[in-house]
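Here is a protein model to explore by question and answer. Keep the structure open as you read.

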Amino acid sequence: MPAPAPVDPNRPLSATPALERALARVGGALSTTIAVHGLATVVMLVAAWVGWTWFADYVLRVPLAVRVGHLVIAIAVPLVALWRFVARPWARRPDRAGLAMLVERADPQLGELFVSAVELQQSPAPSGDPERIREVLAHAEERARSLELRGVLDRRPAFLRGAGAALIVALALFAATRAPEHTRIFLARFFGGNEPWPQRTHLAVSIPAAPERAKIDVGPSETAVRIARGGDLPVLVEAQGVTPDEVVLHLSGGDEIALSGAGESEFRAVLRAVQEDFTFYASGGDDPRGDRTVKVSVLEPPDLGGLAIRVVPPAYTGLPERLERDHDVRVPAGSTLAITILPHPADARGEVRLLPDDRTQELVPRPYPTTDDPNGTTVPGLGFDLVADRSLRYRFRLTDATGLENPDPGLFAVEVAEDRAPEVEVLSPGRSEFETVRTGSLRLVARATDDFGLRSLAWRATRQGESEAAAVEAELALVGAANTPEAAGAAAASGARTSLGTALLAARALVPEGVELADGEQITLVVTAADDRPSMGAEQDAKRIGKSAPVRVRIVTDEEFLRRLQDRLSRLRVQVGELEELARGKKKRVSELVASLESDAPGNAANASELAAALSGVRRVQVDAETATRELASITEGVLYAHLDEQSASLFELLDASNAAATTRDFRADAWRDLAAALRDGRAGASSGLAPQLVTLVDAARTISHTDCTTASAAAERATQVVDLTEIHAALVECAAAQESAQKHIEELLSRLVEWDDFQSVVSLARDILSRQKSLIDRTRSSAQEK
């Protein structure tokens with residue numbers, strides 16, 4: 001059987017001319033689409049690569065080797081793109097059968113009509129019924145005449161890409177015409193040339209220094225700076241054109257300093273404490289060295305070789321003249337200062353700036369003392385005079401013959417000690433409220449402290465409701481400086497002077513002469529002190545008068561005084577009762593620790609927290625005992641100064657002599673011990689009566705607080721400081737023994753206070769009955785006189 005004849009794809013469709021024309025139109029449209037799409041893609045790829053090469057070359061200033069690589073890629077990109085997007089798709093265009101298939105895909109109702117018509121006509125000997133073949137061809141021709149080809153191909157993406165390529169070409173041509181010089185340089189460099197791009201950034205380096213800080217010589221390409229050693233060198237770099245993100249200063253020693261402009265065109269830096277010669281230049285953006293190099297030469301600046309301050313205090317201070325060197329000074333107000341400096345070099349000149357007034361004063365030549373001897377040797381110096389009436393600061397500015405200034409002028413201070421009013425403190429009476437009777441008295445002891453000295457010390461008593469003009473005033477005799485270690489130390493530390501004044505004041509002396517002192521009278525007692533500074537006018541002198549805190553003196557009747565005495569003793573008895581319970585509990589705790597140390601497991605008792613708790617308890621008992629002792633002493637002192645018991649005059653004199661010698665407000669346990677001893681020896685008169693019994697009670701309380709409790713506290717503290725169990729046991733045994741003694745004495749004191757409280761109740765009742773009887777008699781006499 002012979003082989004079928006091959007199909008000729010190029011044979012025209014003569015039987016179906018309408019179909020031939022339709023397929024020709026589809027084929028032409030497909031070719032156009034392939035060409036537009038391919039060429040547009042080639043243009044875009046070429047434009048993208050050329051744009052990248054322009055950006056890289058313009059921004060990064062790439063070298064020749066990189067630009068040659070860019071050119072090779074620029075040649076390869078269009079060749080590869082033409083083959084990939086134009087040549088290969090063009091070679092794969094479909095024949096008439098393929099075009100017919102495209103048409104049938106757009107109109108599914110055609111089935112395979114057009115493909116069959118094409119294959120029947122291209123076949124030299126189509127098989128099948130000739131009549132049927134003619135019908136198919138006729139039917140295909142008929143459908144081809146009415147065929148709509150608009151939906152066969154989607155040509156919009158290709159033409160959009162073509163429009164984009166055309167726009168890119170147009171923009172490139174526009175940019176080239178707008179910047180022909182840049183275009184020319186780019187093309188020259190793109191094809192291997194080395195023509196440089198125009199510089200976009202220009203850095204201008206300058207030194208914004210004051211003339212006295214540095215000497216600057218500006219040349220065309222170099223700036224010479226002469227600056228004092230240790231000075232700060234400010235640098236300013238101004239960017240013209242495109243502002244870089246940072247500018248780098250390159251120093252001759254190899255160091256680099258990066259400067260950030262924070263979005264501004266100025267970059268600033270300060271080279272601190274310049275010590276040696278160096279050069280530097282600036283780079284940033286596409287400017288590699290700036291407009292100039294800066295050469296810095298360091299010179300020795302003028303300096304301060306010494307400072308001497310001769311202080312002449314005002315006469316009222318009584319202070320000697322002195323010479324201070326090289327530091328701040330503290331002087332009394334009104335002092336005269338002769339301030340002299342030793343300049344280096346010797347021919348330097350300058351001025352002093354006084355702060356906070358911010359005023360300047362010229363330095364004048366004067367001798368600089370090289371020794372503290374006023375008649376010693378001197379050398380040439382500079383200085384000025386100053387009267388110190390308030391605190392200030394000052395600094396020197398020196399300039400040498402070359403015009404250089406000292407880069408870091410030191411700041412010195414003059415602190416003026418204002419002449420404050422004296423500080424006055426009343427040492428006796430020890431309470432701010434003092435009660436006595438009309439026949440009573442009080443021992444006034446005052447301590448006054450002043451910066452430089454006291455002229456007078458006085459007391460002033462003012463009755464309630466009266467003005468100070470009607471007050472009673474009198475001088476207090478100055479008995480000398482406070483000679484206790486505490487007072488002497490405080491006075492030495494502050495440079496102050498302290499004096500004491502004392503006087504025994506009868507209650508009747510607190511009211512003006514001729515005025516009767518009445519029961520219920522309230523008097524305010526104030527101590528004043530005046531310093532020895534010369535008068536500066538009444539207003540200023542009044543400000544320099546120191547005043548103590550007021551002591552309020554209240555005059556009461558004998559009966560009221562005794563009732564208040566009874567109330568205070570009753571409260572004291574309750575206080576001692578609470579002390580007895582507290583001491584018993586703390587003694588029990590220490591005894592338990594001793595028993596634990598004597599047991600088989602002594603380690604628990606030696607615990608630091610247990611010992612610290614025991615010490616705290618012992619100290620609490622001591623504090624409460626001292627409080628009770630002070631209260632009882634205050635009661636006894638009030639009774640003696642009220643002069644209720646004429647038999648206690650000797651006892652009063654001894655106590656008053658002790659109070660007159662007081663230099664502090666502290667409780668004087670030794671004075672009460674001596675007073676009790678004098679009472680026992682018979683040196684203080686009779687031992688019977690109200691006051692002697694109270695003195696005996698004070699001595700008993702003193703024994704508890706300052707002997708028993710002090711011994712117990714010292715032993716308990718020693719137990720917390722040692723580590724050996726034997727030493728701890730010995731200390732606690734000593735503490736327990738002292739507590740036992742204190743417990744015994746507290747019980748004795750409490751018993752005597754209970755007896756005293758009963759005795760005072762009987763006395764108070766008797767005095768009340770007598771007082772009522774006296775009042776009844778007075779009223780009876782008054783009624784009889786009226787009748």
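Q: How much volume does the largest cavity have?
A: This is a predicted model, where local features need pLDDT of at least 70, side-chain atom pairs count only at pLDDT 80 or more, and totals for chains, interfaces and linings use all residues. Residues are numbered from 1 along each chain as its sequence is written, and side-chain values use heavy atoms, with hydrogens and water left out. On a 1 Å grid over the protein atoms alone, a cavity is a set of points where a 1.4 Å probe fits but cannot get out; grid points are joined across faces, edges and corners, and a volume is the space filled by probe spheres set on the points. For the largest cavity, that volume is about 60 Å³.

Q: How many cavities of 30 Å³ or more does a search of the whole structure find?
A: Rolling a probe the size of a water molecule over the atoms shows where empty space is left. With a cut-off of 30 Å³ or more, the search of the whole structure gives a count of 4.

Q: Which residues line the largest cavity?
A: A lining residue has an atom within 4 Å of a point. α11, α14 (690-721) and α15 (725-786) each give at least two residues to this lining; helices here are DSSP runs (H or I, at least four residues), strands are runs of E (at least two), and both are numbered from the N terminus. The lining residues are Ala583, Val618, Val621, Cys709, Ala712, Gln739 and Ala742.

Q: How many residues of the largest cavity's lining are nonpolar?
A: Ala, Val, Leu, Ile, Met, Phe, Trp, Tyr, Cys and Pro count as nonpolar, Asp, Glu, Lys and Arg as charged, and the others, Gly among them, as polar. The lining has 1 polar residue and no charged ones. The nonpolar count is 6.

Q: Which cysteine has the sulfur nearest to that of Cys709?
A: A disulfide is a covalent bond between the sulfur atoms of two cysteines. The rule used here asks for a pair of cysteine sulfur atoms within 2.5 Å, and the count comes to 0 disulfides. Cys709 is in none, with the nearest cysteine sulfur 9.7 Å away. That sulfur belongs to Cys735.

Q: Is Cys735 buried or exposed?
A: Buried means under 20% relative accessible area, exposed over 50%, partly exposed in between (1.4 Å probe, protein chains only). Cys709 has 4% relative accessibility, so Cys709 counts as buried. Cys735 has a relative accessible area of 0%, so Cys735 is buried.

Q: What is the volume of the largest pocket?
A: A pocket is an open set of grid points with protein on both sides within 12 Å along at least five of seven lines. Among its 40 lining residues, the closest to the centre are Gly430, Arg431, Glu433, Phe434 and Ser634. Its volume is about 990 Å³.

Q: Which element supplies the largest share of the lining of the largest pocket?
A: Several elements each supply at least two residues, including β21, β29 and α10 (558-597). By class, the lining has 14 nonpolar, 10 polar and 16 charged residues. The largest share is 8 residues, and the element is α11.

Q: How many charged residues are in the lining of the second largest pocket?
A: This pocket holds about 520 Å³ of space. Its lining has 18 residues, and Val50, Trp54, Ala172, Thr183 and Phe186 lie nearest its centre. The classes are 15 nonpolar, 3 polar and, for charged, none.

Q: Which residues of strand β29 (residues 551-555) are on its uncovered face?
A: In a regular strand the side chains alternate between the two faces of the sheet. The covered face of β29 holds Val551, Val553 and Ile555. The uncovered face holds Arg552 and Arg554.

Q: Which residue of β29 does Phe434 stand opposite?
A: Two strands pair if DSSP finds at least two bridges between them. Strand β21 (residues 433-436) runs parallel to β29, with 4 bridges. Opposite Phe434 stands Val553.
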